Structure formats: structure tokens, C-alpha cells
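Here is a short briefing on one structure.

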Amino acid sequence: DWLLGIGGITVENGKALGAELQLDSLNHCFDATFLSIGLGGVNALGLANEDKAESAVDFIENLRQSQDLSQLAIGRRVVVIGGGMTAVDAAVQSKLLGSEDVTIVYRREQDRMSASEHEQHHASASGVRIITNAAPVGMKDGGVEFAYTVSTDDGLKTTDETFVLPADQVLTAIGQTLSEGLVS
């Protein structure tokens with residue numbers, strides 16, 4: 001708000017670059033142009049039956065736009081795959097919405113999570129369990145199968161040791177990309 005108070009700044013929302021606006025014309029008409037398009041696309045797990053999982057980005061969007069939180073679908077046992085701020089946000093919000101058992105599973109060591117130590121502590125203090133060094137290898141009816149991982153000089157390797165976490169809701173937060181409609 002303070003920046004807009006300087007004067008001479010106009011904010012325009014809801015316009016599509018391409019059909020309505022051309023970047024060349026914006027640059028010609030204005031001293032500066034800031035495009036805030038966000039990263040609305042999400043990375044895929046690359047697993048069979050991954051359609052059983054929901055994007056954590058979509059989950060958070062539905063949560064933020066909901067007029068009635070009691071209408072949101074929330075699992076009793078939620079597994080969040082990922083290690084960043086989106087994973088923590090989705091996990092903590094799931095717990096606050098009434099999930100009994102919420103687990104974040106990250107493929108590397110905990111100190112490699114992109115979520116800050118503060119956010120990781122916040123998740124733990126909110127009742128979220130964090131499991132590290134495990135990567136998803138299969139979507140099961142009623143859960144997710146994970147393989148333990150080890151970091152080597154040649155990169156991350158999965159071991160033969162696996163476990164299944166029961167889940168009636170799986171949220172993925174493994175990275176975001178530009179939405180398809182924004183990439184040309």
C-alpha cells in the first residue's frame with residue numbers, strides 16, 4: 001500500500017497477456033511494467049494412479065476462496081508429499097481443518113527441505129509428523145507406498161526397503177511451474 005501511496009502507479013488486474021495486451025505495447029506506453037503471473041502449474045509425481053492425489057496448490061486455492069470451510073473435502077489421514085512452504089501450508093491447514101493424522105514426506109534429509117526451520121517447527125508444533133529420506137513409488141488404494149532414500153555422490157537413490165502410509169487424502173507439493181496457458 002505504501003508504494004501505491006507515492007502516486008503515479010496504476011494496478012490493473014484480470015487482463016490476459018496475449019489476447020488483450022501485448023508486452024511490446026505495454027513497454028512502449030509505460031515507464032515500467034511488472035507482470036505478476038505466478039506459478040499455477042504443478043509438477044507431476046510420475047507414478048501410476050497419481051490422479052488419486054490432489055495438488056496442494058489447488059487445495060490451498062480452494063481453502064482461500066471458500067466461503068464455508070465446512071464444505072471443503074478433508075481427509076482423516078492426510079499425506080503431503082514435498083518439503084517446501086506449500087507442503088507445510090497444506091499440512092498445517094489440513095490439521096486445522098480437523099484431519100486426525102497429517103504427515104509430510106520429503107525425499108531428502110530434513111536440512112535440505114526448502115521450508116524454513118521456523119516453518120518446519122510450526123508444522124511439528126501443529127501436530128504434523130515429518131518423515132524424511134523417503135520417496136513415493138506407488139499410489140495404493142487407501143495409501144501411498146514410499147521407498148527409503150539415501151544421498152550419494154551420484155545423487156539420490158531409492159533403497160529396496162518400502163513402507164505404506166495409509167491416507168484418504170494425498171496432496172502433492174513437489175514444485176510449481178508456469179500454467180500451460182501462460183507458456184508460449
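Buried means under 20% relative accessible area, exposed means over 50%, and partly exposed lies in between (1.4 Å probe, protein chains only). By that scale K52 counts as partly exposed, because its relative accessibility is 38%. This is a predicted model: local features need pLDDT of at least 70, side-chain atom pairs count only at pLDDT 80 or more, and totals for chains, interfaces and linings use all residues. Residues are numbered from 1 along each chain as its sequence is written, and side-chain values use heavy atoms, with hydrogens and water left out.

**Salt bridges**

- A search of the whole structure returns four salt bridges. The criterion is a side-chain nitrogen of Lys or Arg within 4 Å of a carboxyl oxygen of Asp or Glu.
- K52 pairs with D141, and their closest N and O atoms are 2.4 Å apart. The two residues sit in distant parts of the chain, 89 residues apart: D141 in the loop between β6 and β7, K52 in the loop between β1 (41-42) and β2 (54-55). Helices (H or I, at least four residues) and strands (E, at least two) are DSSP runs, numbered from the N terminus.
- D141 counts as exposed, because its relative accessibility is 72%.
- R64 and D89 form another salt bridge, at 3.0 Å from N to O. This pair links helix α2 (residues 56-65), which holds R64, to helix α3 (residues 85-96), which holds D89; the two residues are 25 apart.
- R76 and E100 also meet in a salt bridge, at 3.6 Å from N to O. R76 lies in the loop between α2 and β3 (77-81) and E100 in the loop between α3 and β4 (101-105), so the pair ties together parts 24 residues apart in sequence.
- R76 is partly exposed at 43% relative accessibility, whereas E100 is exposed at 53%.

**Open sheet**

- Three strands make an open sheet in the order β6-β7-β8, with antiparallel pairing. Two strands pair if DSSP finds at least two bridges between them.
- β6 (134-140) and β8 (155-166) are the edge strands, each pairing on one side only.
- Neighbouring strands of this sheet are turned by 25 degrees against each other on average, direction ignored. Axes are lines fitted to C-alpha atoms, for helices over the stretch in contact, and angles run from 0 to 180 degrees between N-to-C directions.
- Strand β7 (residues 143-152) pairs with β8 over nine bridges, in the antiparallel sense.

**Surface patch**

- I6, I9 and V11 make a nonpolar surface patch of about 280 Å². Patches take residues with over 30% relative accessible area and no salt bridge; like charges are joined within 9 Å, nonpolar side chains (Val, Leu, Ile, Met, Phe, Trp, Tyr) within 5 Å. Accessible areas come from the Shrake-Rupley method with a 1.4 Å probe; for residues, only the protein chains shown count as cover.
- V11 belongs to the segment before α1 (23-29). V11 counts as exposed, because its relative accessibility is 51%.

**Two buried residues**

- N133 has a phi near 60 degrees, a positive value in a residue other than glycine. N133 lies in the loop between β5 (129-131) and β6. N133 counts as buried, at 17% relative accessibility.
- Q169 is in strand β9 (residues 169-172). Q169 is buried too, with a relative accessible area of 9%.
- The Q169 side chain makes a polar contact with the side chain of E54, at 3.2 Å. Such a contact is a pair of N or O atoms within 3.5 Å; within protein, one must be able to donate a hydrogen and the other to accept it, and residues adjacent in sequence count only if both atoms are side-chain atoms.
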